[in-house]
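Hi,

Here is the structure I promised to pass on. Have a look at it first, and then read my notes below.

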4 protein chains.
Amino acid sequence: MTTRERIVTAARGEFAELGLAGARIDRIALLAGANKQMIYHYFGSKDGLFTQALEAEYARFRNAEAALDLDPLDPVGALDELLAFTWTYYLDNPGFIRLVNSANLHRARHLQGSETFRHVNRPFRSRMRAILEKGIALGMFRAGIDPVQLQITIAALGYYYLTNQFTGSLVFERDLGSQRALADRLAFNRMTILRLVCTPRALAKLEQVRSAA
Amino acid sequence: MTTRERIVTAARGEFAELGLAGARIDRIALLAGANKQMIYHYFGSKDGLFTQALEAEYARFRNAEAALDLDPLDPVGALDELLAFTWTYYLDNPGFIRLVNSANLHRARHLQGSETFRHVNRPFRSRMRAILEKGIALGMFRAGIDPVQLQITIAALGYYYLTNQFTGSLVFERDLGSQRALADRLAFNRMTILRLVCTPRALAKLEQVRSAA
Amino acid sequence: MTTRERIVTAARGEFAELGLAGARIDRIALLAGANKQMIYHYFGSKDGLFTQALEAEYARFRNAEAALDLDPLDPVGALDELLAFTWTYYLDNPGFIRLVNSANLHRARHLQGSETFRHVNRPFRSRMRAILEKGIALGMFRAGIDPVQLQITIAALGYYYLTNQFTGSLVFERDLGSQRALADRLAFNRMTILRLVCTPRALAKLEQVRSAA
Amino acid sequence: MTTRERIVTAARGEFAELGLAGARIDRIALLAGANKQMIYHYFGSKDGLFTQALEAEYARFRNAEAALDLDPLDPVGALDELLAFTWTYYLDNPGFIRLVNSANLHRARHLQGSETFRHVNRPFRSRMRAILEKGIALGMFRAGIDPVQLQITIAALGYYYLTNQFTGSLVFERDLGSQRALADRLAFNRMTILRLVCTPRALAKLEQVRSAA
DNA sequence: TATGAATGAGTGTTCATTCAT
DNA sequence: AATGAATGAACACTCATTCAT
């Protein structure tokens, strides 16, 4: 790994853990095994580094998403897979949601001009539309669902649960982070999405199958 | 308002805007029209102030929620009202979700020992259960829905959309904060929750009513 | 002395010795026996401190100048006294000319908006005019001499010699800073000014007196 | 121009503008279109470069001065020409006086051992003596004037005015840098020098000529 | 209850300089 | 002759916190 890459990696961790204001340039340099000045050489400023850490984090997420092969699946399976992938990615990469939160604390100002960010996110907007259309054609999905709202909803169900699990665990006096709780939540989210998207008939069939199992 | 109250008010704003690390004690004192030393006198430290700002913010939210009179409503109406209230509260009090995010960035460490926090949140856990049970009894709601998961889901659908509207607007190249977009989202969330909770029969009736209108 | 005064005193020395860019805030604080933060508390920035150091330095100079009692002297004596005072002040306060040089390196930008600076310098512009007029009335001074040019010239003769004595000593391979050299220069400057200002008749008389002595 | 020359040229500008401490090696390299390392290769250090920039600056001045052909002029004309040249050179090369000031801020330490500097300045010390002697022989100049003091005085009258024009303009609330003010100053300096040097008789004749014109 | 002065440790950033090629 | 990567020490400036009153 080049020095530059090591710095970005360290930065992703530090910013995710402590936010932009809480992160320390010194610590990032130390973690990256690099000199502090190199950070300024490559990224210009703490904000510049934050921008690039965000870009890198998003690129990783979108690359993993792109690696999903949904084509062989039927629409319900594809939706399911997307939901599961999103959930699992959030779980396995807690830094991602933390960084996204930090980006939004600053109203995404660090990504405003970023071509990289735009470019990395664009491909994923047509995918959901295709799945929905296929499902409608097969009579499995209800018509009239906005793919953007659906995508946001899939993200929301997992993201909110995980990012707010700490206050949530206190509010509900229940450990939202246990293995059991996590599994339950995934199942609940699956149900939420299917009931939202599927036609009553398709839903009935799905529930028959499940209760048979 | 007492000096102490003015400090907490200023702190809620400052912490919401900039996070714990980004907030400045000096600025809070200035905003509160108070002496810096007063902050230490009343709250001991920046973290102590952060804790109390969080407690106050949550108390406000729960008080507003408590003021909702759901009793005269049928279960669907009650659920609807709860959803709308949550959404509207988030919209009107953007500081709330920003502060909660900051609390979670620090893994809710500042609320761990807080009796106030526990006390303020407790009443609201039985409410959802009551609504669900009433709905089930009337044949309107499906059985087997975990009230905690439902409550989390209602929050998630609005919270995620609003807190991530900045990155979201860039990702989807669509202004998620416009009046139109906000109204659309609320409608979408209502649909999501009703399809999740209602029996197929109740749903069909609801949709009949709506298409008639 | 208050902390504030000690800081200004230390700053005058440090800036005079090393210029604005070469001066070190740390060292000024140390020299002043003060905390670094106090400098920012009182002066806002290094540039702010530089401005106030300049103002203080000029104020000292103008105060010393104001203390001169020229009224009992005849015009030649007054001019002489002014010349000698200027020279001696420069010699005894080498920081003054060094600081003025630094101010001019920055094109006096630090004094541009300074009311203090303006206020401190204003009284001294009418003094020279009065001396000249008195001398002309007595037939001792030539008419038509611009008091501003004269004042600048008096300053120039001493200032340039002293501020450039280091390169000058190398250029002329002669120690311009020795006691003897300094005395010679003052005498030379006196001669320069008198020949510039006095009428031939007054000059002749002066030279008679001197050669008699 | 060789890289080395481009570096020295850039350095003269940068040091003149910002002083030794304010100058930036990076900027000099950039301005020179050279690599930073080249500076260290050729000059060893920032101080080394400063020394050579000073030497080059002085050499340019002395070369221009050497190009003056004073021989055909009478002593008054020669003195006049020297005064005008000095003034004009300062005006056209503001970097010169700024650099000399910087050299003196550091007490000429950078030129202490410089053979180049010594060598470049030596020829000019006999010139003034020759002019004075010629003037005395012709009965135009007073005897007993130290040529070194005279040379310093000629420099002082222009140099001080120009280098301190920024504080001066504020002190006198008059723009010392306007075309008009500059012309006035040159005339005043000419007068100062002539009255200093010329015999009363020569002066009287000069003034007759002028008032006739 | 309130205040202004003071502080030590640190914060992002910059600098002249050197290394490896 | 020339370069890009790297560095350690320092830089102006800031912060949460405490002291003295």
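Let's start where two chains meet: chain A puts 42 residues into the contact with chain B, and chain B puts in 42 residues as well. (Two residues are in contact if their C-beta atoms, placed from the backbone, lie within 7 Å.) On the chain A side, helices 1 (3-22), 6 (94-105), 7 (115-121), 9 (147-163), 10 (165-171) and 11 (179-197) each bring at least two residues. Helix 9 of chain A gives the most, with 11 residues. By type, the side of chain A that touches chain B has 23 nonpolar, 12 polar and 7 charged residues. Here Ala, Val, Leu, Ile, Met, Phe, Trp, Tyr, Cys and Pro count as nonpolar, Asp, Glu, Lys and Arg as charged, and the others, Gly among them, as polar.

A word on the model: it is predicted, so local features need pLDDT of at least 70 and side-chain atom pairs pLDDT 80 or more, while totals for chains, interfaces and linings use all residues. Residues are numbered from 1 along each chain as its sequence is written, and chains are lettered from A and ligands numbered from 1 in the order in which they are written.

As for chain A itself, you'll find 12 helices and 0 strands (DSSP runs, H or I of at least four residues for helices and E of at least two for strands, numbered from the N terminus). Its C-alpha atoms fill a box of roughly 65 × 40 × 30 Å along the principal axes.

Cheers
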